[in-house]
Amino acid sequence: MAARWLAYASVGRFGLGHSMLAWARAAVWCRPAGVPMLAPQWLQPRLGPYLRGERDKREYFRLFNSDGYVTGLTRLYHLAATPRLVAEKGLPDPAKAPAQTTLVTFTNPMSANFQTYFRNIVGHHDLVRRELVRMTRPRYRPAPPACPHIAIHIRLGDFTANVDLGRVREGVNSARLPNQWYCDMLTGMRARSGAALPALVYSDGSDEEIADVLTMPGVSRAPDGAAVTDMLSMAQATVLLSSSSGFPVWSSYLGQVPRLSFPGQRKERVIVNGGGFDAEPECETPDEIPDGWLGYMRAAARG
């Protein structure tokens, strides 16, 4: 058999947003050139979600199929015996055959994963979304939205509470944002745009923990869904009010959904064509929301 490239994403034991980046980088490199990709190891031991009583137990192996991937004994053979090339040290041209069959491996680092590597997939959202939907089992694919709406992502879980907002503005990671910020921004978005869009809340917190958001007019909680279901659902929103998690970054990227973040928490710009306005602003008060962003929301509400 002629020498060829192979690709493999070592996803690690992270949350879905963090884990998916190595997979997406591998897909962007190998799929257009027809390079075979070994099935990722989504089955990973995770005790933390159980010990912390999190809603999402991170059993991602239940969400995805292996259609279109190299699996079984062939996969095990290549993982054990095929020479490797580390993608993070430089990518070869996938269209040029190697001297010997080589496995190009993509890995998620523990820190600065988004900041270092997300830019490698920006502009390839159509391919990544198509690949993600294809490998997601049908029962976890969301239905189309009934109407234009606002998605609100509130991350609690293992994120730190009561972090000084000065540090949040400076970009501290894994910090919970105040519920009042979501309330104020939603009220301001609606008032300034004149578009009273309904809002769907996606959160790993309990109803009691986010009650002040859920009791606002026109706000309801999204049905309990798997992580990938929520991610793909938010990618269908009109606009997105984002937590400091990387999870809504993915939704904004996949659906090219305008996203509003707290200062210091945007992480990366992921929208290619902002329509002539800043589609990913960082705002602490409603007065800071760009007019173009509000105009987009207004136009979407009118249909």
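Me: Which residues touch the most other members of the largest nonpolar core?
Reply: This is a predicted model, where local features need pLDDT of at least 70 and side-chain atom pairs 80 or more, while totals for chains, interfaces and linings use all residues. Residues are numbered from 1 along each chain as its sequence is written, and side-chain values use heavy atoms, without hydrogens or water. A nonpolar core joins buried Ala, Val, Leu, Ile, Met, Phe, Trp, Tyr and Cys through side-chain atoms within 4.5 Å; buried means under 20% relative accessible area, exposed over 50%, partly exposed in between (1.4 Å probe, protein chains only). Of the 90 residues in the largest core, those touching the most other members are L16, W23, L132, I152 and W250.

Me: Which residues does L16 contact, leaving aside neighbours within four places in sequence?
Reply: Contact means heavy atoms within 4.5 Å. With those neighbours set aside, L16 meets W42, Y60, F64, A227, V228, M231 and F247.

Me: Why does the chain count as compact as a globular protein of its length?
Reply: The chain has eleven helices and eight strands. The globule rule is 2.2 Å times the number of residues to the power 0.38, and the radius of gyration is taken over C-alpha atoms. For 303 residues the rule gives 19 Å, so the chain is that compact because its own radius of gyration is close, at 20 Å.

Me: What percentage of the chain counts as buried?
Reply: Nonpolar side chains tend to be buried together in soluble globular proteins. Here the count runs over 303 residues. The buried part is 51%.

Me: How far apart are the centres of the positive and negative side chains?
Reply: Lys and Arg count as positive, Asp and Glu as negative, with His and the chain ends left out. Each charge is placed at NZ of Lys, CZ of Arg, CG of Asp or CD of Glu. With 34 positive and 27 negative side chains, the centres lie apart by 9 Å.

Me: Is K267 buried, partly exposed or exposed?
Reply: K267 sits in the loop between β8 and α11 (291-302). Its phi is positive, about 75°, although K267 is not a glycine. At 25% relative accessibility, K267 is partly exposed.

Note on methods:
Helices (H or I, at least four residues) and strands (E, at least two) are DSSP runs, numbered from the N terminus.
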